[in-house]
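Biologist: I would like to go through this protein term by term. Please show it to me, and I will ask what lies behind each word.

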Amino acid sequence: MHLLITGGAGFIGSHLCEKALEYGHRVTVVDNLSQGLRENIPEGARFVYGDILQPEMWLNKIGPVDIVIHLAAQISVPASEVDPLTDLRLNLEGTLRMLMAAQALGATQFRTASSAAVYGDVPHLPLREDGPVHPIAFYGWSKYTAEQYVFHFAKLHGLDAVVFRLANVYGPRQRTQGEGGVVAVFCEAMAQNRVLEIHGDGQQTRDFIYVEDVARAFLHRLENPGPKTVYNVSTETRTSVYNLFLALAKVAGKPQDGYRLAPVRLGDIHDSVLSQEKAKAWGFVPKTSLEDGLALTWQYFLNQELKP
Ligand SMILES: NC(=O)c1ccc[n+]([C@@H]2O[C@H](COP(=O)([O-])OP(=O)(O)OC[C@H]3O[C@@H](n4cnc5c(N)ncnc54)[C@H](O)[C@@H]3O)[C@@H](O)[C@H]2O)c1
């Protein structure tokens, strides 16, 4: 199948490209390289430089596609609070434009990344797709509203659409800012032998999922599309930030007291864990343990540091 992947030069997108090629798909990437890197795009994938807000500039270079996987976005929660208009344009208008692009290119399927941020601070854990949503930042609202546009557009135009609400994704090539970047931030600090900062008391919990598992979720059942619906992509495992630090220190052979406490970050929710029930029923389960994922991520950051 021919896949168009927006944001394929980014963290998750580049892993998705690799997996898609491995599965035997043809891959075209559209990215404006505002955050991603050309070198992240694997050999074998075609790259078309382009902005999701200006598809008229690149659409005629793509050719017919079967599936659009839309990942390009504004991904920073704090940036969405400072500049909600840019967040709205990229995450909502950008998604609508990519839905229209999918239709113009003859795609029958559309998949996109939403976020655990749509849930906000909901007290009932694990967070379920059919439970309440209460975003606490513009980013969560733009992602949630984009979900509604996807399903409405899909219904109107007969597109098979799936939305994935991603938990905290980590792995090689993640940048040290942005959503879910705590593993990358810790790895970079350890690789540079710096004392790292744990915000709050470190007892806040997150649901960490390895990037390759997320890539597999996007490619799951492409041959046999399912209902137009939303799935959490998670491990349903709560790991405190302090325990994450300890696990990483062990993997990296670093001292267990190599951190200092820093003030709680504004807008940070305390606990987040996403139910796996619906994704499991659909046949998707992540494969990578936290220990294995951290070892692979640490190796990547160490190699980056050792590069001449
Ligand atoms: N990383 C996480 O933990 C996480 C969690 C939940 C959801 N998500 C979602 O997953 C998706 C991918 O996130 P990521 O972590 O890989 O981010 P990323 O910033 O690494 O990748 C995004 C890519 O989109 C490109 N891009 C940005 N604006 C563009 C535009 N106007 N036109 C074309 N390309 C543009 C960037 O250059 C970059 O390559 C996003 O939709 C994000 O909201 C990520």
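This is a predicted model: local features need pLDDT of at least 70, side-chain atom pairs count only at pLDDT 80 or more; totals for chains, interfaces and linings use all residues.

Biologist: Into which domains is the protein divided?

Modeller: Into domain 1 (2–169 + 210–233) and domain 2 (171–206 + 237–275 + 288–300); such bounds come from an automatic or database domain assignment. Their C-alpha centres lie 25 Å apart. Domain 1 gives 29 residues to the contact and domain 2 gives 22 residues, where contact means heavy atoms within 4.5 Å.

Biologist: Which residues touch the most other members of the largest nonpolar core?

Modeller: Ile69, Leu166 and Phe218, out of 63 residues in that core. A nonpolar core is a set of buried Ala, Val, Leu, Ile, Met, Phe, Trp, Tyr and Cys residues joined through side-chain atoms within 4.5 Å. Buried means under 20% relative accessible area, exposed over 50%, and partly exposed in between (1.4 Å probe, protein chains only).

Biologist: Why are helix 5 and helix 9 called oblique to each other?

Modeller: Helix 5 (residues 182–191) and helix 9 (residues 290–306) pack at an angle of about 50°. Angles under 35 degrees count as roughly parallel, over 145 as roughly antiparallel, 65 to 115 as roughly perpendicular and the rest as oblique. The pair is therefore oblique. The axes, lines fitted to C-alpha atoms over the stretch in contact with angles running from 0 to 180 degrees between N-to-C directions, are 9 Å apart.

Biologist: What makes helix 5 oblique to helix 7?

Modeller: Their angle is about 40°, with the axes 11 Å apart. That value makes helix 5 oblique to helix 7. Among the residues in contact are Phe186 of helix 5 and Leu248 of helix 7.

Biologist: Why does Asn243 count as partly exposed?

Modeller: Asn243 has 42% relative accessibility, so the residue counts as partly exposed. Asn243 is in helix 7 (residues 241–252); helices are DSSP runs (H or I, at least four residues), numbered from the N terminus.

Note on methods:
Residues are numbered from 1 along each chain as its sequence is written. Side-chain values use heavy atoms; hydrogens and water are left out. Helices (H or I, at least four residues) and strands (E, at least two) are DSSP runs, numbered from the N terminus.
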